Every structure is written in structure tokens, then in C-alpha cells.
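Trainee: I would like to learn how to read ligand contacts and aromatic pairs in a model. Can we go through one case together?

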Amino acid sequence: MTKFRIEPGSVQETLIIPLYGRKLCAELFPMQYHDKSAARICESLDYDFSELDRQAESTLWRFGALEAAMRQLDMQWEIDDYLASHPRAAVVNMGCGLDQTGRACDNGTCGIYNVDMPDIIEARRQLSLAGERELNIASNLNDFAWMDAIDGSDGAVFFAAGVFCYLTFDQARALTAELARRFPGGRLVFDAMGKLGKKLMHQTFKNFGMENYDNCLFLEDVAEVEAWVPTARVSSRGYMLGYHDMSDPAVTKLHRFLARRCDDTVKMRIVRIDFAGKPE
Ligand SMILES: C[S@@+](CC[C@H](N)C(=O)[O-])C[C@H]1O[C@@H](n2cnc3c(N)ncnc32)[C@H](O)[C@@H]1O
């Protein structure tokens with residue numbers, strides 16, 4: 001089978017790190033995270049994983065794997081929570097990469113949508129990642145026409161894992177306001193970090209050719225988001241420990257210490273915005 005090639009040095013290449021992290025996490029911390037889909041997808045890519053395999057030996061990279069998996073589990077928690085009261089809702093993975101969270105949350109009645117740049121959506125097509133009630137949409141998130149394809153008549157939950165940090169503050173605000181306008185009663189979930197986190201990520205962003213890095217979103221205080229949509233309800237939880245206690249015995253004391261620092265010092269948060277109104 002021909003493998004799908006991921007070009008090095010592109011924003012799209014950023015999907016490799018969380019994907020690889022989830023694969024590694026399922027191998028190292030199976031009680032915490034047991035989704036094997038990332039491993040299967042990695043096998044079908046034409047990408048040189050040797051450097052990542054080498055780094056995977058280090059404590060810090062293993063912690064990075066935990067980060068990728070915890071974020072997915074956090075998103076899943078929020079999606080499941082929304083689906084409990086809106087079982088036929090649209091579940092929309094914004095900046096989906098090769099992530100299968102929508103499928104992992106499938107309750108048999110929801111609609112699943114994956115939105116990303118055209119080359120990533122082409123990769124999903126070639127890897128046959130679309131299942132039942134699942135639609136892939138090739139679009140820049142900032143071109144709001146993609147929202148026309150979402151059936152939010154029974155509710156809609158939007159999530160963006162590792163994506164809002166690539167948007168500028170103005171783009172994130174405009175995108176959120178447009179979602180709130182079009183999808184009353186919907187929910188948006190995304191992860192964000194504070195100023196220190198952005199500083200720590202500087203080199204990674206540069207390696208991926210991010211030119212507008214200086215303008216990219218970071219949130220020192222989640223309350224800043226309240227002004228984006230004044231009628232919405234904004235809440236947040238810690239990214240690493242806000243939803244799960246990481247009780248897998250393979251999680252070391254150092255990992256737990258780093259997890260607390262990520263949540264408190266680096267201000268890594270999962271932000272949830274519940275839009276006012278009822279689905280139309
Ligand atoms: C770090 S990856 C995360 C992928 C996936 N959410 C995950 O957790 O595995 C960031 C993804 O966001 C996508 N992305 C970034 N900016 C985007 C934009 N303006 N429109 C659509 N997709 C975007 C990239 O193509 C990439 O797939």
C-alpha cells in the first residue's frame with residue numbers, strides 16, 4: 001500500500017507530534033489511555049519517525065506523550081458531556097489533523113465532522129478515515145463558509161485540540177463569535193496556554209515555519225475570553241489534571257509534578273464556552 005507523505009516543515013506537520021504522542025502514550029500508559037488508532041495511522045504515513053523514536057526514550061518526551069493523550073481525553077469528556085443532553089448533535093473536530101476523537105465519542109446518533117486544510121483532508125481520504133455519519137471538510141477555519149456544511153439543528157459541539165495556538169487573537173475571537181452566532185446552544189472547547197507556555201513553544205513553532213508566531217493566541221487569564229461573546233458562559237479546567245487524576249501506576253512522581261506545573265505555572269487550560277440560546 002502507498003503511504004501518505006507528510007511534508008516536513010509545514011504547519012500540517014504539527015499533527016505528527018500529538019499523533020505520535022498518543023501512539024506512545026497508549027504503549028507506555030495503557031491504563032491511562034488505550035486508543036490504538038494513532039499507532040495504526042502512524043504506520044500508514046510516509047514520515048521519518050526515527051528522531052521521535054529516539055527522543056521517546058527521555059522522561060520529557062514521555063511526559064509530552066501524556067500531554068497529547070490527556071488533551072484528547074479532556075476533549076472527549078466535554079463531548080460526551082454535551083452528547084448526554086444532545087445525542088444527535090454535530091461533533092466538529094476543528095483542525096483535526098489525523099485525530100479520531102469524533103469516532104471515539106460516537107454514540108451512534110451524532111454527526112461527526114472533521115475540518116482541516118485540504119492536504120490533511122486528502123490524507124484522511126486516502127487513509128479511509130471517514131466512517132458512518134462522518135464528513136471531512138477541506139477548509140481554512142478562518143473562511144467561515146465551512147460552517148454551512150454543519151447540521152447543528154440538534155446541537156453542536158466544536159473542539160480544537162492544539163489548534164487555537166496557531167490562530168491570532170483576532171482570528172480566535174472572530175471564529176468564536178461566528179460559531180456563537182450560527183450555533184445557539186452550542187459548545188466550543190479548545191486548549192490554550194499562558195505567556196510562559198508560548199515562550200517555551202517558540203522553537204517548535206519556528207521549526208514549523210510559523211511566521212505570525214508573535215501574534216498567536218495565548219491566554220494569561222481565561223476571563224479574557226468572556227469579552228469574545230458576552231452572552232456565553234466561559235469556564236476552564238487544568239489541561240493535565242482538571243479532568244483525570246492520572247492514576248496509571250506508570251505515571252511517575254516527576255510526571256505528576258510536571259503536570260501540576262503545566263496547569264498552574266504554564267497555565268495550560270481547557271477552555272469551554274457554552275453559547276446562549278437553544279439549537280434552531
Ligand atoms: C498540532 S496539529 C493538531 C491536530 C489534531 N487536532 C490533534 O490533536 O492531533 C494542528 C492542526 O491544525 C490545523 N490547522 C492549523 N491552522 C488551521 C487553520 N487556520 N485552518 C484549518 N486547520 C488548521 C493543522 O493543519 C494541523 O492539522
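Trainee: How far is a nitrogen atom of the ligand from a polar backbone atom of G95?

Mentor: First, the basis: this is a predicted model, where local features need pLDDT of at least 70, side-chain atom pairs count only at pLDDT 80 or more, and totals for chains, interfaces and linings use all residues. Residues are numbered from 1 along each chain as its sequence is written, and side-chain values use heavy atoms, with hydrogens and water left out. A polar contact is a pair of N or O atoms within 3.5 Å; within protein, one must be able to donate a hydrogen and the other to accept it, and residues adjacent in sequence count only if both atoms are side-chain atoms. Here the distance to G95 is 2.8 Å. A ligand nitrogen also lies 2.9 Å from a polar backbone atom of L141, and a ligand oxygen lies 3.0 Å from a side-chain N or O atom of R22.

Trainee: How much of the ligand does the protein bury?

Mentor: Accessible areas come from the Shrake-Rupley method with a 1.4 Å probe; for residues, only the protein chains shown count as cover. The ligand alone exposes 590 Å², of which the protein buries 96%.

Trainee: Which residues surrounding the ligand are the closest?

Mentor: A residue is near a molecule if one of its heavy atoms lies within 4 Å of it. The ligand is surrounded by 21 residues, the closest being G95, D116, N140, L141 and A161.

Trainee: How is a pair of aromatic rings described?

Mentor: By the distance of the centres and the angle of the planes. Rings of Phe, Tyr and Trp (its six-membered ring) pair if their centres lie within 6.5 Å; planes under 30 degrees apart are stacked, over 60 edge-to-face, and the rest tilted. That rule gives 8 aromatic pairs here. Y47 and F49 are edge-to-face, with centres 5.1 Å apart and 65 degrees between the planes. F190 and W228 are stacked, at 6.2 Å and 10 degrees.

Trainee: Why does the pair of F190 and W228 tie together parts that are apart in sequence?

Mentor: Helices (H or I, at least four residues) and strands (E, at least two) are DSSP runs, numbered from the N terminus. F190 lies in strand β7 (residues 187–192) and W228 in the loop between α9 (202–207) and β8 (233–238), so the pair joins parts 38 residues apart in sequence. F164, F169, F190 and W228 form one aromatic cluster.
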